[in-house]
Amino acid sequence: MKEYGYMIFQIKNIRDTDYSFMGWDYAKDKIRISDYDGKYYSHIDGDSTGFVLEKLYEIFNINHPEDFCGHSLSVSDIVVLFGDDGCRWYYCDSFGWEDITQALKERG
């Protein structure tokens, strides 16, 4: 089992961001990291990235940590995972997760 650091990002102003709660296909050409605030940082153990992302989705929808100040994890939220293989960015899509690390690098 590996330990992952993670950070959850959520859109600052959902009313003024036209891709709030929208799937990746819609958001991919509109997304700006400056639209997001970091809401939570911690560590979690898991066997794989997929397991960790699903576990975080469960935690942040069913049993929020007491010091979490965001809304339940939802479509358009971003989770950044820090592990042995570096840092990867994941967009919470309508069904599952989209690895957006390369897309963000290409945008600069």
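Biologist: How many bridges pair β3 and β4, and in which sense do they run?

Modeller: Six bridges, antiparallel. Strands count as paired when DSSP finds at least two bridges between them. This is a predicted model, where local features need pLDDT of at least 70, side-chain atom pairs count only at pLDDT 80 or more, and totals for chains, interfaces and linings use all residues. Residues are numbered from 1 along each chain as its sequence is written, and side-chain values use heavy atoms, with hydrogens and water left out.

Biologist: OK, and what joins β3 to β4?

Modeller: A hairpin, through two residues. Across that pairing, Ile78 stands opposite Tyr91 in β4.

Biologist: What about β1 and β3, how many bridges there?

Modeller: Five, and those strands run antiparallel too. Ile8 has Val79 in β3 as its bridge partner.

Biologist: Let me step back. Which order do the elements come in?

Modeller: From the N terminus, the protein chain goes β-α-β-α-β-β-β-α. That is three helices and five strands. Helices (H or I, at least four residues) and strands (E, at least two) are DSSP runs, numbered from the N terminus.

Biologist: Which element has the lowest mean pLDDT?

Modeller: Helix α3, residues 101-107, with 87, while strand β5, residues 97-99, has the highest, 97. The protein chain averages 94, and 99% of the residues score at least 70. pLDDT is the predictor's confidence in each residue, from 0 to 100.

Biologist: Now the inside. Which residues have the most contacts in the largest nonpolar core?

Modeller: Tyr6, Ile8, Leu56, Phe60, Val79, Leu81 and Trp97, in a core of 16 residues. A nonpolar core here is a set of buried Ala, Val, Leu, Ile, Met, Phe, Trp, Tyr and Cys residues joined through side-chain atoms within 4.5 Å. Buried means under 20% relative accessible area, exposed over 50%, and partly exposed in between, using a 1.4 Å probe and protein chains only.

Biologist: Where do those core residues come from?

Modeller: β1 (2-11), β2 (36-46), α2 (49-62), β3 (78-83) and β4 (86-92) each supply at least two. The largest share, four residues, comes from α2. Apart from this core lies another, of twelve residues, among them Phe9, Val80, Tyr91 and Leu104.

Biologist: And what does Trp97 touch?

Modeller: Leaving out residues up to four places away in sequence, Trp97 touches Leu53, Glu54, Tyr57, Leu73, Val79, Tyr90, Tyr91 and Cys92. A contact is heavy atoms within 4.5 Å.

Biologist: Switching to rings: how many aromatic pairs are there?

Modeller: Nine. Rings of Phe, Tyr and Trp (its six-membered ring) pair if their centres lie within 6.5 Å; planes under 30 degrees apart are stacked, over 60 edge-to-face, and the rest tilted.

Biologist: Why is the Tyr19 and Tyr36 pair called tilted?

Modeller: Because the planes sit at 35 degrees, with the ring centres 6.5 Å apart. Tyr19 is in the loop between β1 and α1 (24-27) and Tyr36 is in strand β2, so the pair ties together parts 17 residues apart in sequence.

Biologist: Are those two buried or exposed?

Modeller: Tyr19 is buried, at 1% relative accessible area, and Tyr36 is buried as well, at 6%.

Biologist: Which rings form a cluster?

Modeller: Ring pairs link Tyr6, Tyr40, Phe60 and Phe68.

Biologist: Last one: what does the C-alpha trace span?

Modeller: About 40 × 30 × 25 Å along the principal axes. Also, buried residues make up 37% of the 108 residues in the protein chain.
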